[in-house]
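Here is a short briefing on one residue and one ligand site. Look over the sequence and the structure before reading the points below.

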Amino acid sequence: MAVWYNILMSKRIIAPSILSANFADMGSDVKSLSAIGADWVHIDVMDGVFVPNLTFGFKMIKDIRPLSDLFFDAHLMITNPKRYVKRFVESGAELVSFHYEAEEEIDETLDIILGAGAKCGLAINPDTDVDVIIPYLPKLDLILIMSVFPGFGGQKFIEGSLERISRARELRDKYAPQAVVEVDGGVTVDNAKSIFAAGADVLVAGNAVFGAADRRAAVKLIRGE
Ligand code: DX5
Ligand code: ZN
């Protein structure tokens with residue numbers, strides 16, 4: 001299991017999203033991630049209600065957990081995440097993010113994640129004001145800025161997201177030095193540089209990694225190496 005201190009020390013974190021993996025070959029795709037130079041495994045959980053798509057739940061995480069030492073970053077796109085977050089931690093997620101738009105009891109949900117021994121993150125959709133995260137900053141380990149509307153991989157990065165990332169970074173630097181800023185949706189080899197420059201610490205990349213002919217090269221290029 002990865003140590004958060006080491007995560008914060010490593011400069012640019014690349015988190016391939018297994019939503020773009022081959023579901024019929026999930027085990028080998030997950031196993032390959034450390035060999036291609038990825039830092040985290042981004043795990044997109046969708047319930048078909050909060051977003052118009054379905055993926056997988058606890059069992060997938062439990063089954064892939066022994067296959068990788070990488071940090072497991074679960075992104076819950078589900079309604080009432082409070083009901084489920086503990087089980088995601090028990091299944092092997094080291095960080096659990098849920099959506100601001102999907103939960104009324106945000107503080108309680110963050111406390112459950114932290115109490116279960118994991119890191120916690122709060123995700124916001126492209127049309128949600130970034131400043132809504134302010135009251136939760138002292139507790140957060142991660143701020144997840146969506147740069148597409150959640151639900152599907154392979155969408156186009158929404159340009160206005162760069163300003164939102166900068167605002168999140170500003171808030172992080174001021175009120176939450178313990179937290180990292182993660183950006184999710186439409187990240188490519190071409191736009192990664194400007195996303196990091198805007199203030200991101202962690203880039204999620206689904207299509208840009210799993211769709212690449214050379215995945216290891218894609219991870220390197222996204223990281224800017
Ligand atoms: C979108 C998911 C993303 C998505 C990213 O709802 O949260 O993690 O898989 O995929 P790409 O990088 O292809 O946009
Ligand atoms: Zn995601």
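Lys156 is found in the loop that runs between β6 (142–146) and α6 (161–175). The model is predicted.

**Lys156**

- Lys156 has a relative accessible area of 67%. It counts as exposed because that value is over 50%.
- Setting aside neighbours within four places in sequence, Lys156 is in contact with Ser147, Val148 and Gly186.
- Gly117 is 39 residues from Lys156 along the chain. Their C-alpha atoms are separated by 35 Å.

**Residues around ligand 1**

- Ligand 1 sits in the largest pocket.
- 20 residues surround ligand 1. The closest are Asp44, Gly151, Gly154, Asp184 and Gly206.
- Three strands each supply at least two residues of the shell around ligand 1: β2 (40–46), β3 (71–77) and β8 (202–205).
- β2 gives the most to this shell, with 3 residues.

**Polar contacts and cover**

- Asp184 places a polar side-chain atom 2.6 Å from an oxygen atom of ligand 1.
- Gly186, a contact of Lys156, also has a backbone N or O atom 2.8 Å from an oxygen atom of ligand 1.
- Asn207 has a polar backbone atom 2.9 Å from an oxygen atom of ligand 1.
- On its own, ligand 1 has 380 Å² of accessible area, and the protein covers 99% of it.

Note on methods:
Residues are numbered from 1 along each chain as its sequence is written. Chains are lettered from A and ligands numbered from 1 in the order in which they are written. This is a predicted model: local features need pLDDT of at least 70, side-chain atom pairs count only at pLDDT 80 or more; totals for chains, interfaces and linings use all residues. Side-chain values use heavy atoms; hydrogens and water are left out. Helices (H or I, at least four residues) and strands (E, at least two) are DSSP runs, numbered from the N terminus. Buried means under 20% relative accessible area, exposed over 50%, partly exposed in between (1.4 Å probe, protein chains only). Contact means heavy atoms within 4.5 Å. A residue is near a molecule or strand if one of its heavy atoms lies within 4 Å of it. A polar contact is a pair of N or O atoms within 3.5 Å; within protein, one must be able to donate a hydrogen and the other to accept it, and residues adjacent in sequence count only if both atoms are side-chain atoms. Accessible areas come from the Shrake-Rupley method with a 1.4 Å probe; for residues, only the protein chains shown count as cover. On a 1 Å grid over the protein atoms alone, a cavity is a set of points where a 1.4 Å probe fits but cannot get out, and a pocket is an open set with protein on both sides within 12 Å along at least five of seven lines; lining residues have an atom within 4 Å of a point. A molecule sits in a cavity or pocket if more than half of its atoms lie within 2 Å of its grid points.
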